[in-house]
Amino acid sequence: MKKTIVKTIAFLIPLLLILAMIDLASFTSVGDAVLSKVFMSQNYRHVGSMVASPAIKSAQTESSHTKVVLGDSMFTHVFAEFGVQNDDYLILGTNMAVTVDGQYILARLFLDSHPKATDVYLVLLPVSFAGRYDSAQSYSYLIEPFGRAQTLSYLSEDTINGMKSHYGSLFLKKNVIRFLDGSSINNKIYLYYLQKHVNKADNNDIISDEAAYYLKDLSEICKERNVNLHLLPPPVCDSADNADRINRLKEATKNTDIEDLFDKYFECISLYPEYMFMDGHHFKSEYLDIQTRSDCIDDMQNKSGELQGLIHKVE
Amino acid sequence: MVHNTSRRFRMILIISMVLIALIGIKIQPLFANIKPIQIFGISFYSLRLIAYVVDVYHGQEEVHGLEDYLCFISFFPIFTAGPIEKSEHLIKELSVYKAFDEKIAYRGFIMILYGLFFKQVIADRIGVMVDEVYGDISGYSGAVCLLIVVLYSVQIYADFAGYSYIAMGMSGMLGIDVVKNFNRPYLTVSIRDFWRRWHISLSRWLRDYIYIPLGGNKKGQIRKSINIMITFLISGLWHGIGLNFLVWGGLHGLYQVVEDTGLKLFKKKSDSLIGRVLHIILTFILVTIAWIFFRSDSVSQATEMILRIITDCNIGSLTQGTIFELGLGSIQITGLLIALIIMVVSDIMLENNIISLDKFTSCPAVIRWVVSYVMIIWVVTAAIQLYGTGETAGFIYAAF
């Protein structure tokens with residue numbers, strides 16, 4: 001029996017070394033180019049970091065900007081491809097899965113590195129208020145990029161404890177996040193595990209507790225620093241689902257500390273015909289032309305009276 | 001006399017209870033307003049239970065204690081999808097103490113690896129393409145549909161044989177032999193031969209507990225044909241309560257009846273290699289046609305598939321890149337082709353006794369280890385490939 005155990009260990013050591021070498025190779029660009037095709041994991045390496053990390057870096061970098069515009073994927077769709085040559089506004093579009101928690105961190109990073117900041121704009125779809133750290137894809141879009149940048153500490157102790165109890169404290173550690181995020185194979189295995197067994201597939205919240213908390217907290221921080229906080233909607237699909245969601249959002253925010261913030265948000269909602277949208281939230285590719293998006297931005301500016309001179313249109 | 005009547009009554013009572021439970025579980029999908037209850041492996045241990053009761057009644061099996069009996073019914077490697085072991089053999093295996101034997105354990109390990117190779121590398125990858133086309137038959141040309149029905153024949157073989165190898169391997173590692181369930185069934189020269197080598201334990205069960213009690217072949221040709229048909233129709237219904245399963249069973253019954261009634265094409269066994277190959281191909285085609293009904297959700301879907309193949313079979317469309325739009329990339333398809341070649345070649349070599357598990361386990365350790373490493377890495381790679389795509393599937397037969 002002892003001989004068998006020794007043989008088994010001798011058999012397993014080279015096997016584990018080979019598997020470890022394959023895994024290590026997936027951390028390199030060349031290795032990943034080959035291995036991600038073999039393992040069908042092309043879309044998993046730095047999946048959320050690619051979206052959020054540049055925003056984190058920009059928010060942290062000192063500059064002459066005095067206003068920051070943060071937003072979800074619909075905001076990014078509308079504002080993408082416009083040449084931003086504006087020394088005042090810093091545009092940081094990310095994704096709904098970043099959640100309000102992530103937008104809060106970005107705002108805090110901007111405020112800390114821009115002492116002369118005057119305005120923070122949050123441009124979010126009604127559905128974006130529902131996201132939490134335990135929603136589908138939030139690990140890759142919130143925990144991984146913000147954890148790698150060691151910026152999760154901006155969040156409250158309750159949120160951090162909630163994340164620890166949901167994911168396990170090991171999976172909030174920088175090196176573990178790097179081990180997952182840096183390899184498409186590792187990330188694929190872990191993210192699918194989360195999707196299948198851990199994270200919520202559907203969220204029935206209208207506004208998550210975290211979103212309400214961080215909007216209120218950001219509002220107070222901005223007041224303390226004499227910074228104006230604006231909550232604005234990007235173009236919203238004119239669907240029954242959205243109509244219902246907006247009504248429920250009105251109810252949920254009524255008589256709360258963030259009611260004032262939302263009053264202007266609801267006034268500024270511009271509804272666009274359903275046929276223009278591919279999934280009820282994002283424009284179909286044929287409506288992502290410069291003219292349509294430019295009109296959307298004009299509409300946002302006219303309704304809110306904000307964001308004037310934000311973009312220089314591309315001819 | 002009274003004693004016999006009482007024993008007979010008890011046997012019928014137990015069998016009836018088992019059948020009521022089995023049929024009750026099977027017919028749930030027919031009622032839309034019922035949330036179906038899933039009972040793992042019920043089809044398989046129901047058959048084991050019936051076999052045990054009948055054998056005890058006929059005095060072919062002794063009455064075992066509850067402990068032995070429960071060990072036999074719940075033996076975990078074969079619990080979900082067989083093989084359908086007879087109590088006599090398995091209880092004997094379970095009750096004999098066997099010391100750990102490294103060679104036997106290694107054989108078991110290799111069988112598990114071979115089974116995983118069948119399941120993960122071959123069956124699950126083919127399953128991606130099969131599911132894609134069966135989900136939208138009208139969206140694909142007849143040639144693609146033809147390719148898919150052929151691939152499904154391979155998928156179900158690799159899936160079920162894979163399960164059986166794993167079950168045998170796990171049992172083997174514990175020093176317990178379970179009956180062989182597959183013996184390279186697609187290398188058979190007739191349908192009768194196919195059923196001797198496909199799902200062997202079910203075929204034996206149907207023979208022993210349906211076909212022979214019905215009279216077998218002892219009451220003339222017509223009665224024999226009827227018995228064959230009844231046996232295969234029951235086999236179809238055992239797989240699922242649906243007209244498609246009934247047609248699948250009926251087709252196999254019909255094939256055998258035709259074979260039996262002397263159609264030379266089937267009956268005459270050619271000794272030449274070409275003749276043998278032609279018989280193998282013909283048998284494979286007949287089995288594949290029946291699998292269309294087995295895989296389809298309904299007879300109308302199967303009919304749609306067949307009509308698509310007949311009316312729109314432009315083989316040229318296969319070269320237009322459609323194959324690469326069925327859920328697998330070029331690397332995965334290349335890997336699948338290599339795996340299929342390995343499966344076919346190893347099956348042919350095993351069939352002709354050129355290689356065997358015993359010969360492999362006697363090879364130098366370096367060769368065995370390298371082969372094992374390649375297999376393990378291939379299986380792990382295949383598992384990760386499909387992980388997260390929503391295409392990883394359980395064993396097909398575990399659903400019955």
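Two strands are taken to pair if DSSP finds at least two bridges between them, and strands (E, at least two residues) and helices (H or I, at least four residues) are DSSP runs numbered from the N terminus. In chain A, strand β1 (residues 67–71) and strand β3 (residues 119–123) run parallel and are joined by 5 bridges. Within this pair, G71(A) stands opposite V123(A) of β3(A). The structure is a predicted model, in which local features need pLDDT of at least 70 and side-chain atom pairs count only at pLDDT 80 or more, while totals for chains, interfaces and linings use all residues. Residues are numbered from 1 along each chain as its sequence is written, and chains are lettered from A and ligands numbered from 1 in the order in which they are written.

Strands β1 and β3 belong to an open sheet of 4 strands in chain A, ordered β2-β1-β3-β4 with parallel pairing. Its edge strands, β2 (89–93) and β4 (228–232), each pair on one side only. From one strand to the next, the twist averages 15 degrees. Helix α5 (residues 99–113) of chain A lies across β1, β2 and β3, running at about 165 degrees to β1(A); axes are lines fitted to C-alpha atoms, for helices over the stretch in contact, and angles run from 0 to 180 degrees between N-to-C directions.

Residues are in contact if their C-beta atoms, placed from the backbone, lie within 7 Å. The contact between the chains takes 13 residues from chain A and 15 residues from chain B. On the side of chain A, the elements giving two or more residues are α1 (2–25), α2 (29–38) and α9 (184–198).

Technical notes
Contact = placed C-beta atoms within 7 Å.
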